[in-house]
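Hi there,

Here is the structure I promised to pass on. Have a look at it first, and then read my notes below.

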Amino acid sequence: MFLFKKKGQKVSESDLKRGLKNNEFVFYYQPEFDLKTEKVIAVEALMRWDSPTGIVPPNEFIPVLEQSGLIHKFTEFLLHQTLTDLKKIHEAGYSDVAMAINVSGVQLKDKTLMKTIKKALDETKISPQFLECEITETQPLDLPAMKETIFKEFAEAGIKISLDDFGTCYSSFNYLRYLDFKKLKIDCDFIRTLGDNVRNRTILSLIIQLGHILKIPVLAEGIETTEQKVWLEKNNCDFGQGFWFSRPLPIDQLMIFLKKKKEN
Ligand code: C2E
Ligand code: CA
Ligand code: CA
């Protein structure tokens, strides 16, 4: 069965199964920085599919994984691989760096999710405080119910949740009403249009203030220019991420990046 078609390329369930079996799914890690100290606080795991026809970006195959039900098997692989890489990062001396993973609504609704997370933490001997789950608003979630179930389990286990792509969807504010986020990630669209006009800058500044009033540290995504970085720092944004600092990197290149950063 073909589930998804993009630019003439068909992504089938069997392609994905073969990809998983042949270890074709790889993670690139993009560092997150403290804007004041420029210290790396976390790395975000961004999935790529190194398929026989070339690299496929996550937006093209994750919906297929979700439609096919393969996403659950995939979550197991994701947790094991990213936490194993985090172990390498800690063992190399960067012991306060956290791992941020992206968790979709479909993954959150999986009743075995917490069991899978705990198993991966146990196997890799990573403390839960170093795992952050980034939640995106791709589909409506029953927040009051989830507050009492999966999000309660996250809190009890000491696993952090952050709100991804903040500001892009009508339900952003609803999320803030119900859940205790440890980080608010402002969508890159707000950063990209920062220089356009006063209205954009006012909204961005108010999002940062809102985060601080709610005692949630704020991270700006997609920083590409020095002007953006300087403005965000001046306006008390806590953390930043983007090509200005570093593109997402394979684990070996990330280790070199961290080493160079330490030496400077
Ligand atoms: P996201 O979580 O918002 O990730 C940030 C995206 O912005 C990444 O695209 C990253 O490469 C890109 N980016 C980072 N800095 C910059 C910048 O300075 N400028 C620009 N123009 N782009 C920047 P990517 O890797 O293609 O990921 C797209 C989306 O796919 C992610 O958005 C995330 O929602 C999803 N995704 C990635 N990996 C996973 C995964 O393992 N599981 C799930 N469920 N979703 C994933
Ligand atoms: Ca993310
Ligand atoms: Ca994002």
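What follows is a short tour of a calcium site and of one glutamate.

A word on conventions: this is a predicted model, where local features need pLDDT of at least 70 and side-chain atom pairs count only at pLDDT 80 or more, while totals for chains, interfaces and linings use all residues. Residues are numbered from 1 along each chain as its sequence is written, chains are lettered from A and ligands numbered from 1 in the order in which they are written, and side-chain values use heavy atoms, with hydrogens and water left out.

Donors here are N, O and S atoms within 2.8 Å of the metal (3.2 Å for Na, K and Ca); water is not among the atoms, so sites may look incomplete. Asp164 also coordinates the calcium ion (ligand 3), 4.0 Å from ligand 2. Glu44 sits in strand β4 (residues 40-51) and Asp164 in strand β8 (residues 160-166), so the pair ties together parts 120 residues apart in sequence. Strands are DSSP runs (E, at least two residues), numbered from the N terminus. Glu44 is buried at 5% relative accessibility, and Asp164 is buried at 4%; buried means under 20% relative accessible area (1.4 Å probe, protein chains only).

**Glu132**

Glu132 belongs to strand β7 (residues 131-135) and is buried, at 8%. Its contacts (heavy atoms within 4.5 Å) include Ala42, Met99 and Ser162, leaving aside residues up to four places away in sequence.

Best wishes

Methods: Helices (H or I, at least four residues) and strands (E, at least two) are DSSP runs, numbered from the N terminus. Buried means under 20% relative accessible area, exposed over 50%, partly exposed in between (1.4 Å probe, protein chains only).
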